[in-house]
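Let's take a walk through this model together, one contact at a time.

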Amino acid sequence: MSIQSINHALNKLTSLHESLLTLSKEKTEIVKEGSVAKLQSLLIKEQKFVQAIEQAEWKRQQAVHAWAIQHHTDPDTVTITYILKNETDKTSGKELEQWSTRLTSTLAQLKQQEHLNRELVKQSLQFVELSLDMLNPTIQGMNYGDKRSSAVPVRSVFDSKA
């Protein structure tokens with residue numbers, strides 16, 4: 001296997017992650033709208049992308065493993081940096097570096113976007129809990145019964161001993 005197969009795998013991973021980033025930005029807008037039906041539909045799409053990413057990652061690992069075997073290196077210790085240092089085809093090496101950098105950047109953006117989504121969902125849940133608490137009063141807050149029975153007897157200002 002050549003470095004071209006690793007480049008191809010990184011290209012596929014990058015495009016899938018970029019599509020997932022676009023979905024994540026859509027998810028932000030849907031959470032802001034509060035549309036549960038749209039959110040469920042989007043989560044199904046997102047799950048399909050995650051499965052495709054897992055398959056692409058498996059292919060990338062296989063390509064790196066094959067490259068390591070071809071170059072008589074332990075496949076478990078191979079990194080992008082190691083490949084770049086030991087690759088003789090500098091054009092493919094430069095392409096590998098570009099795809100690696102682009103994938104890393106996309107992953108950082110995706111992580112930031114998902115953090116934002118997590119916070120928005122957390123705030124939405126807090127709002128729902130607050131609304132439910134306001135609709136369901138506690139037993140102590142109910143206005144039924146005689147309030148004086150549990151309180152200290154109230155004395156009037158004019159109640160005095162003669």
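α1 passes α4 in a left-handed crossing, left-handed meaning that the near helix is turned anticlockwise from the far one by less than a right angle (clockwise would be right-handed). Before going further, please keep in mind that this is a predicted model, in which local features need pLDDT of at least 70 and side-chain atom pairs count only at pLDDT 80 or more, while totals for chains, interfaces and linings use all residues. Residues are numbered from 1 along each chain as its sequence is written, and side-chain values use heavy atoms, with hydrogens and water left out.

Two packed helices are described by the angle between their axes and the distance between the axes. Here helix α1 (residues 3-33) and helix α4 (residues 90-135) pack at an angle of about 20°, with axes 8 Å apart; axes are lines fitted to C-alpha atoms, for helices over the stretch in contact, and angles run from 0 to 180 degrees between N-to-C directions. That makes α1 roughly parallel to α4, a label for angles under 35 degrees. The residues of this contact divide into 15 nonpolar, 15 polar and seven charged. Nonpolar covers Ala, Val, Leu, Ile, Met, Phe, Trp, Tyr, Cys and Pro, charged covers Asp, Glu, Lys and Arg, and the others, Gly among them, are polar.

Now zoom out. The protein chain has four helices and zero strands, where helices (H or I, at least four residues) and strands (E, at least two) are DSSP runs, numbered from the N terminus.

Which residues have the most contacts inside the largest nonpolar core? They are I6, L10, L13, V78, I83 and L96, in a core of 19 residues. Such a core is a set of buried Ala, Val, Leu, Ile, Met, Phe, Trp, Tyr and Cys residues joined through side-chain atoms within 4.5 Å. α1, α2 and α4 each supply at least two of its residues, and the largest share, seven residues, comes from α1.

Finally, look at Q113, which lies in helix α4. Is this residue buried or exposed? Q113 has a relative accessible area of 14%, so it counts as buried. Q113 and T28 are 85 residues apart in sequence, yet 8.1 Å apart in space, C-alpha to C-alpha.

Note on methods
Parallel < 35°, antiparallel > 145°, perpendicular 65-115°, else oblique. Buried < 20%, exposed > 50% of the residue type's maximum accessible area, 1.4 Å probe, protein only.
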